[in-house]
Amino acid sequence: MEKISLQTTQIDSLTNLPNRTYVIESLEKKLSSTKENKKLTTLLFIEFDDLARFNETFGFDIDDKLIVQLSHKIASLLEIDDILARVGNEQFAIVSQNLHSEESAEIFAKRIITALYEPFFVDPNMFYISASIGISLSSANENNGYRLLKTAENTMRKVQKDGKNHIAFTRHKDPSSLKKSIRLMEDLPAALENGEIYFVYQGQYSHDKQRFDGAELLSRWQHPKYGEISPEIFIPIAEQSGMIGPLTIKALIESSKMFAHLDAAGVKDFSISVNISSVVLMASDFIDTVQFVRSNYNLVGKKLNFEIMEETLTQNIDNLVQILEKIRKMDIGIELDDYGTGYASLKYLALLPITTLKVDKSYVRDLEKDTKRQALFQAIVDMSHALDIEVIVEGVETVLEDDIVKKFGCITVQGYLYSKPMKFNTLLNTLK
Amino acid sequence: MSKRILIVDDIDFIIEFEEKVIDALSKELSMKILVDKANNVKDALANIAKHHYDAMVIDINLPDGSGIDIAKSAQEKSKDTRIAALTIYPQQYEEQKNYFDAFFKKPILPTSYKQHIRKLLHV
């Protein structure tokens, strides 16, 4: 959540959150920036149902205590630059520029509703709280913060008439795709338990050792109604719904089991790379979770790598350095995935404790015809080796591509030429 | 001081994960916490007949019945046992809240699960 300096007229004294006045002012600033940065501004208006009725039974200030707990719970779901405000007695508003579509806004709202499924405790009593949420999204011409807030509030009122625990929009684009995303989000927790989510491995071939010396662990979802769901669809849903943490833990536990199989088969010097989303990496409990899994699932001394995406580098760099250094202290390698597609400037390679660069497949296509790209490619390889960073080239699909990459001194390649993603037993048979 | 907990779930890796988190908590608190495990209603009831439990964490959907039956049986044996339900959708079981002291939401994460267990055991 965004850290803000507030004047006393802008603060809610109970929660120390910004109040309605501040939200309207900040909305107008965000709306004017929407035109420049082309980001969608979304407002979620949340009203909790009948908190005051608890006072009659349990004491006069129960609703205040619950409001403070609710503010903490909702704040824990927000991105760093989202704004949470208390805009009425039992009303909160969230202003976000991190929701890139109506679909992600609705999934996020659903996540808030789901978070309220857990009871709240004001000792010795346990309370269940329901809420209604109205959502409004900025259009290109909208610049009135008050109007956006009122639209969301009015939408929320319509929702309340229909019943509790509902969400509604000011408008919808594609109800069928939205319905599918919501269904996937609802099914994801059970899919993590019942085996619908499973893992495959793509081998990494070392030219130097002339064998596979590692593999990337990839998650898959076989949904009973929709069939094979692409990770490009379900990973963002997992990120938006809070399920990415449990999915990552499952992947780490899977890797520990596979290391045990490798040991039993006598396969030495083999690494497994697990993808770590920036949402997971920046979560406050991530390092504790990794320490827990590492020490309780025999991952100490194993060649485990975390793959982070280039987009992770848009996070606060000081925080990121600290987190990655803690990971390196646990002897876990850091691989920077899809290198060369956007964010990673050269300074990051010196600042961050990266052990491996995974050069994006787009560098490999038509490399033999493009001399400028060849020069760039050679520079990436030389620079990495000078910084003692290993290089893996992704997306190698043909013998010609493989031959060229080898000439540049790249000793490890990952791609369909050597290995498609496969079940672990198949990979293990290849290694024996 | 030592405590005894019964965890009930039909999925082995969840039981294994819960046990490891409780073991880690036990070390952090320097407190012996004994964990018994059951995969179904029948085994859970057999455990309840044999032992006194300070706390239980019970999955609601089990292959041979409902975790609610385990909670009822545990309550009949001892009012002191603190019982939590472990479920993906706690809200669905609101009507059964008289049988449970808390609802833990699946999937579990180590940090929050430890906090939940501490609250359940009052430690």
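A:Y128, A:E193 and A:F292 supply 28% of what chain A buries against chain B, more than any other three residues. Bear in mind that this is a predicted model, where local features need pLDDT of at least 70 and side-chain atom pairs count only at pLDDT 80 or more, while totals for chains, interfaces and linings use all residues. Residues are numbered from 1 along each chain as its sequence is written, chains are lettered from A in the order in which they are written, and side-chain values use heavy atoms, with hydrogens and water left out.

**The interface**

- Contact (heavy atoms within 4.5 Å) involves 26 residues of chain A and 26 residues of chain B.
- There is one salt bridge across the interface, a salt bridge being a side-chain nitrogen of Lys or Arg within 4 Å of a carboxyl oxygen of Asp or Glu.
- That bridge pairs B:K106 with A:E193, and their closest N and O atoms are 2.8 Å apart.
- On the chain A side, α6 (175-194), α8 (244-264) and α10 (286-296) each supply at least two residues that touch chain B; helices here are DSSP runs of H or I with at least four residues, strands are E runs of at least two, and both are numbered from the N terminus.
- The most comes from α8(A), which gives six residues.
- By class, the side of chain A that touches chain B has 15 nonpolar, five polar and six charged residues; Ala, Val, Leu, Ile, Met, Phe, Trp, Tyr, Cys and Pro count as nonpolar, Asp, Glu, Lys and Arg as charged, and the others, Gly among them, as polar.

**The sheet in chain B**

- Five strands make an open sheet in the order β2-β1-β3-β6-β7, with parallel pairing (two strands pair if DSSP finds at least two bridges between them).
- β2 (32-38) and β7 (102-105) of chain B sit at the edges with a single partner strand each, so one side of each has no neighbour in the sheet.
- From one strand to the next, the twist averages 20 degrees.
- β1 (residues 2-8) and β2 of chain B run parallel and are joined by seven bridges, with B:V8 standing opposite B:A38.
- Helix α2 (residues 41-50) of chain B packs on the sheet, touching β1, β2 and β3 (55-59), and its direction makes about 140 degrees with that of β2(B); axes are lines fitted to C-alpha atoms, for helices over the stretch in contact, and angles run from 0 to 180 degrees between N-to-C directions.
- Helix α4 (residues 110-121) of chain B also packs on the sheet, touching β1, β2, β3, β6 (82-87) and β7, at about 130 degrees to the direction of β3(B).

**Salt bridges over all chains**

- The structure holds 26 salt bridges over all chains.
- In one of them, A:D12 meets A:R86 at 3.1 Å, N to O.
- A:D12 lies in the segment before α1 (20-37) of chain A and A:R86 in β2 (residues 83-88) of chain A, so the pair ties together parts 74 residues apart in sequence.

- Most residues other than glycine have a negative phi, and most peptide bonds are trans.
- B:K106 and B:P107 are joined by a cis peptide bond, with omega about -5 degrees, and B:P107 is in the loop between β7 and α4 of chain B.
- A:D269 has a positive phi, near 55 degrees, and is found in the loop between α8 and β11 (271-275) of chain A.

Methods. Buried area = accessible area lost by both parts, 1.4 Å probe.
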